[in-house]
Amino acid sequence: MINVAALGVGFPYIASMPADFYQSGVIDFVEITPETLCFQRGNSLAPVPQQVAKARAATRGLPMVVHGVELSIGSAHGCNTGYLEMLDLFQASWPFVWHSEHLGFQTIAADDGATLEVGVPLPLPATHEAVELVAERAAAIGKRYGVPFLLENPAYYIPSEALPHDPQIVDDIGLMNRIMTRSGCYQLLDLHNIYCNALNHHLDPFALIDRVDLDRVIEIHVAGGSWRDGFWMDGHNGRVPPPVWRLLEYTLIRAPNAAGVVFEVLDPFAPRLGREAITEDLRRARAIWDRCHPVTRHVAA
Amino acid sequence: MSLREFQTALGRMVRNTDGSGPLDSLLLDANEWECLHALQPSAALQFTRAVQRSWCEQRAANAAALTLSILTDATRRRILEEWINLGGGTLSFFGAEADALLDFIAGQLPDPSTELNICRLEQATLRASIHTTCFQPLDPALFDPQKALRRGRHAGLVTALLIAPGLDLLHRVAAPLEQLLWERLSVPATAAVLLQEGYPRDLIATLLQIGALEQA
């Protein structure tokens, strides 16, 4: 049995936010993307001590969770082991309550076998081969760090049916559910990604959530986006749209092990959104959290 | 089609910077080829490519923000477009490719020019700041006057500004003799030779201590 205490409402660490923002009482925990505190040389990533110290000082007293972006867990030619080596160092210096990554791939093999960056995360096909590959890696990562490992459902613009898929798995939700079962890892349910996919592919977001294995959801993301070229983009560049708030209420009531809700904003957009608007959305998230969810949860391993 | 081949195909289609066709050399049967070929003109793939390109452009713009900010809109757009067409901007964290991008930009600027000076200044600052994480001053006991000295690989001297990983705030104004020594070391020379040429020992030691010079 793994006990995950409910943390409440969280916000990403953004270095450009005012120093007192994280101590203002509207944030219960902080989500760190450790790569943003690193320098990269070749295939290796190393935390920059000054940047880590600055982040720790700004977020002092708050529980911390990790949200990585560089692992590329679904790359068939190999995931980013440099990221894991960096995370080993990072955990030793700053322990985290849980950590998460994105379900997808962003590197491919070049003709000479070297790793080639695509430049954007891409969806995995809903196939047994993808399940086996990711489940094995996720299980190993879960053991390596000794804290819950979560995978985030992606936003995608290419519909599942246009990708190879096995009929028993069907789509990205079937893929995620099978990986959870096979690996024993948990889910970071990004409700804005569900909203994006529903808008862009004409699906019912509530029906999508009904298919998610909500018992395994530990963290929830909400965020904003914007229209571009006829698609709703997962831009993390705005306030949370009203339909996503409704999805949060709907989900929290049904996700007995959810331990935290994070309002995601990308670094460059935080100043444009402004502290007041960010605080309003954090307070709204807290109101829903308080109304829809009890304080402490236990997660079956 | 294996997962690896599917990913190679989709990744190539999204990158769209490789000279050959994205499906060339992959082991695809007729149905698989048809399926992926049909995806290429779709609005979904085109949009995914547009997102990829805009992310790459934004990363590259962040990587050389100072230099790009002083160029004309047309020059900035042209340089970024050429860089992205070469496959640049794909790394999530731009520090790793910023040095190469600044070299690329420098190659397209008039020499001499203010723009080139600023580009070199940004590059020197980048190199020095990255190296602060692992910079160790030379142990004086290891100083060997017979070993060649060269400019520090993580240091720079641009328009009288000395930038080095061992300096507080990474920079200070270079003294005239420091500028002369920096110019002199466009070709490495041993400390013994430099001393014969009249460069003071203290000056050489100081520059070694801050990483502006290093033993080759």
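Which residue is the bridge partner of B:Arg151 in strand 6 of chain B? The partner is B:Leu213.

Some ground rules come before the rest. This is a predicted model, in which local features need pLDDT of at least 70, side-chain atom pairs count only at pLDDT 80 or more, and totals for chains, interfaces and linings use all residues. Residues are numbered from 1 along each chain as its sequence is written, while chains are lettered from A and ligands numbered from 1 in the order in which they are written.

Confidence next. The model has ipTM 0.93 and pTM 0.87. Chain B averages a pLDDT of 90, with 96% of its residues at 70 or more; pLDDT is the predictor's confidence in each residue, from 0 to 100.

Back to the sheet. Chain B has three strands in an open, antiparallel sheet, ordered 5-1-6. Strands here are DSSP runs of E with at least two residues, and helices are runs of H or I with at least four, numbered from the N terminus. Strand 5 (189–190) and strand 6 (213–215) of chain B are at the edges, each with a single partner strand, so one side of each lacks a neighbour in the sheet. Strand 1 (residues 148–151) of chain B pairs with strand 6 of chain B over three bridges; pairing takes at least two DSSP bridges.

Now the helices. Helix 7 (residues 242–254) and helix 9 (residues 275–292) of chain A pack at about 30°, axes 9 Å apart. Axes are lines fitted to C-alpha atoms, for helices over the stretch in contact, and angles run from 0 to 180 degrees between N-to-C directions.
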